[in-house]
Amino acid sequence: MNHEMDQTHRTMTMKKKRFDHDQSLTQEGAEHTGSCERVIEMWLRGLRSFAPPPATTVACSAAAGLNRSITMAALSNPSKKRVADEMDVDDQEQLQRSCITYMDGLDLFLEVCDADFQARVVDYIEDQLVAGRAGKLPGKMYDAPSPVWAVKGQSREMIQYGFFTNSNRVFPAVTVGSMAEPILVELVRALMDRGVFKAGEEPDQCTVNVYQPGMWLPPHVDNIKFARPFATVSFVSQQSVVLGEKIDGANGVWKGDFDVSMPCGSALRLGGKAGGPGYFHAVPSPNARRISFTFRRLSTETHAEVAAERERMKEQ
């Protein structure tokens with residue numbers, strides 16, 4: 001009997017705490033905007049450096065297995081703020097592996113690569129850079145900054161796989177590295193596992209960009225010869241990508257609709273409206289060394305053109 005009374009007492013105490021908690025949330029309703037911002041800041045601290053628009057969504061990826069989508073509009077309702085309180089430890093850990101959706105087609109996937117994998121990727125590229133600078137890589141697999149562009153800062157070192165690109169054009173006849181490199185295969189698999197790419201969207205081209213402080217890329221739209229979506233994975237330091245219908249600025253200092261800060265090991269996917277042709281992206285000058293892997297795939301039409309051109313080359 002005493003045990004049952006104790007159990008009943010504990011249950012009533014828990015219900016009263018929940019009631020008091022709900023009442024507190026209701027009383028905070030008039031100030032919910034500030035509270036909402038604090039909740040968002042807690043979750044996304046350091047992950048993005050722009051003022052999010054009302055439609056911005058924080059959503060856990062399907063791969064993380066958490067069926068929860070939290071919008072700024074929903075969090076403006078005080079009753080919805082209980083979501084943060086009710087999340088258990090596993091949910092919070094999965095939220096850290098979430099996908100942040102900024103707009104149609106613009107998604108940031110966090111922790112696609114863990115620290116050990118990042119280290120292996122960077123070690124591999126460092127070796128490739130040494131070989132490329134020494135002229136030991138095939139064809140145009142390694143590309144040094146053009147002296148003309150380097151003077152302005154509009155430059156970076158590049159290592160390419162699959163197909164050679166230059167000034168946003170595709171050159172199928174130029175020799176580059178193979179997409180069958182084990183580290184690339186592993187990285188693509190990680191992107192597929194996290195849902196960055198879906199079945200049928202497997203990339204067949206990769207451009208590795210190595211930026212030093214002072215280097216940048218101007219606002220541009222990736223060539224339509226590449227299908228959408230495409231994705232960039234960031235390494236070495238946390239840096240930003242600026243996106244917008246119009247991007248203002250000059251010499252690596254850009255301002256657009258979004259300034260997306262990419263933590264190391266994260267992947268930014270561009271498709272839909274964000275993939276162009278009316279939406280641009282630019283790379284600001286980093287404050288520290290930055291390495292990015294951009295994965296793309298040729299469109300079906302371009303594949304046919306490339307196959308035909310390579311056949312003509314064989315006949316010559």
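Predicted model: local features only at pLDDT ≥ 70, side-chain atom pairs only at ≥ 80, totals over all residues.
Biologist: Why is strand 12 largely enclosed by the rest of the structure?

Modeller: Buried here means under 20% relative accessible area. Strand 12 covers residues 239-244, and it is largely enclosed because the buried ones number six of the six.

Biologist: Which residues stand opposite Val 242 in strand 15 and in strand 17?

Modeller: Let's take the partners in turn. Strand 12 runs antiparallel to strand 15 (residues 258-262), with five bridges joining them. It also runs antiparallel to strand 17, there with three bridges. Opposite Val 242 stand Asp 259 in strand 15 and Ala 282 in strand 17.

Biologist: Nice. Which residue in the turn between strand 3 and strand 4 has a positive phi?

Modeller: Strand 3 (residues 99-103) has four buried residues out of five. It pairs with strand 4 (residues 106-109) in the antiparallel sense over four bridges, and Met 103 stands opposite Leu 106. The two strands form a hairpin with two residues between them, and the one with a positive phi, about 85°, is Gly 105.

Biologist: How many residues does the largest nonpolar core have?

Modeller: Those with the most contacts inside this core are Ile 125, Tyr 161, Val 208, Phe 235, Phe 293 and Phe 295. Among the elements that each supply at least two of its residues are helix 6 (115-133), helix 8 (182-193) and strand 18 (290-296). Apart from it lies another core of 16 residues, including Tyr 102, Val 241, Met 262 and Tyr 279. The largest core itself has 36 residues.

Biologist: And the largest pocket: which residues are the closest to its centre?

Modeller: The largest pocket has a volume of about 730 Å³. Strand 10 (217-220), strand 16 (267-270) and strand 17 (280-283) are among the elements that each supply at least two residues of its lining. Of the 34 lining residues, the closest to the centre are Arg 156, Met 158, Asn 209, Leu 217 and His 220.

Methods:
Residues numbered from 1 in each chain as written. Heavy atoms only, no water. Core = buried A, V, L, I, M, F, W, Y, C linked by side-chain atoms within 4.5 Å. Buried < 20%, exposed > 50% of the residue type's maximum accessible area, 1.4 Å probe, protein only. 1 Å grid on protein atoms, 1.4 Å probe; cavity = no way out; pocket = protein on both sides within 12 Å on 5 of 7 lines; lining within 4 Å. Points joined across faces, edges and corners; volume = space filled by probe spheres on them. Pairing = 2+ DSSP bridges.
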